[in-house]
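Open the model in your viewer and keep the sequence panel beside it.

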Amino acid sequence: MTVVIMAAAVLAITAALLIGYKRYWPVNVKRISPEEAAGHPVIDVRDWQEANRMPLEGAELIPCGYIPRNAGKFGGQEVYIAAASAVERNFSVRLLKKYNIHVKGFICMDGSL
């Protein structure tokens with residue numbers, strides 16, 4: 001019985017560490033201004049309400065949850081992302097990398113990143 005409890009505890013800790021890594025461990029992506037991204041593809045990974053409240057001209061709105069079904073549009077390209085939080089930035093950069101999309105930089109949309 002104790003072996004089962006220990007195995008469950010190890011599994012829970014491993015899952016927590018993996019989730020923490022994907023969302024909270026910083027990614028090495030340069031912060032840029034919207035002007036620096038001019039002429040390059042920009043993916044706005046903010047949620048619909050946030051992006052509609054403060055739109056970024058020229059960016060394609062693809063919230064984090066919609067990246068897997070829209071990744072084919074940008075496969076193999078270098079893009080910039082627009083994010084409102086560090087969690088959005090970290091999660092979306094790792095997810096885009098999974099689909100062979102290289103993120104060159106990010107645009108901070110709330111001023112705190």
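Select Arg-53, which counts as exposed at 63% relative accessibility (exposed means over 50% relative accessible area, buried under 20%, partly exposed in between, with a 1.4 Å probe and protein chains only). Glu-50 and Arg-53 are three residues apart in helix 2, so about one helical turn separates them.

A word on the model before moving on. It is predicted: local features need pLDDT of at least 70, side-chain atom pairs count only at pLDDT 80 or more, and totals for chains, interfaces and linings use all residues. Residues are numbered from 1 along each chain as its sequence is written, and side-chain values use heavy atoms, with hydrogens and water left out.

## Zoom out: the whole chain

Show the cartoon. Four helices and five strands make up the protein's secondary structure (DSSP runs numbered from the N terminus: helices are H or I with at least four residues, strands E with at least two). Along the sequence they follow the pattern α-β-β-α-β-α-β-α-β.

Now look at the overall dimensions. The C-alpha atoms fill a box of roughly 60 × 30 × 25 Å along the principal axes. The radius of gyration is 17 Å, while a compact globule of 113 residues would be near 13 Å (taken over C-alpha atoms; the globule rule is 2.2 Å times the number of residues to the power 0.38). Colour by burial: buried residues are 35% of the 113.

## The other salt bridges

How many salt bridges does the structure hold? There are four. Side chains of opposite charge can pair when their charged atoms come close.

Select Arg-46 and Asp-44. Their side chains meet in a salt bridge at 2.6 Å, N to O. Both Arg-46 and Asp-44 are buried.

Next, select Glu-60 and Lys-73. Their closest N and O atoms are 2.8 Å apart in another salt bridge. Glu-60 lies in strand 3 and Lys-73 in the loop between helix 3 and strand 4 (78-83), so the pair ties together parts 13 residues apart in sequence. Glu-60 is partly exposed, with a relative accessible area of 30%. Lys-73 is partly exposed too, at 47%.

## Rings

The structure holds one aromatic pair. Select Trp-48 and Tyr-66: the pair is edge-to-face, 5.5 Å centre to centre, with 70° between the planes. Rings of Phe, Tyr and Trp (its six-membered ring) pair if their centres lie within 6.5 Å; planes under 30 degrees apart count as stacked, over 60 as edge-to-face and the rest as tilted.

Which parts of the chain does the pair link? Trp-48 is in helix 2 (residues 48-53), and Tyr-66 is in the loop between strand 3 (60-61) and helix 3 (67-70), 18 residues apart. Trp-48 is partly exposed at 39% relative accessible area, and Tyr-66 is partly exposed at 32%.

Stay in that loop and select Gly-65, which is also found between strand 3 and helix 3. Gly-65 counts as exposed at 60% relative accessibility. Its C-alpha atom is 8.9 Å from that of Asp-47, 18 residues away along the chain.

Now select Arg-89 and Phe-106. The charged end of Arg-89 sits over the ring of Phe-106, 5.0 Å from its centre (NZ of Lys or CZ of Arg must be within 6 Å of the ring centre and within 35 degrees of the ring normal).

Val-103 is in strand 5. Buried or exposed? Val-103 is buried, with a relative accessible area of 9%.

Finish on Asn-100, in the loop between helix 4 (86-98) and strand 5 (102-108). Most residues other than glycine have a negative phi. Asn-100 has a positive phi, near 60°. Asn-100 is exposed, with a relative accessible area of 57%.
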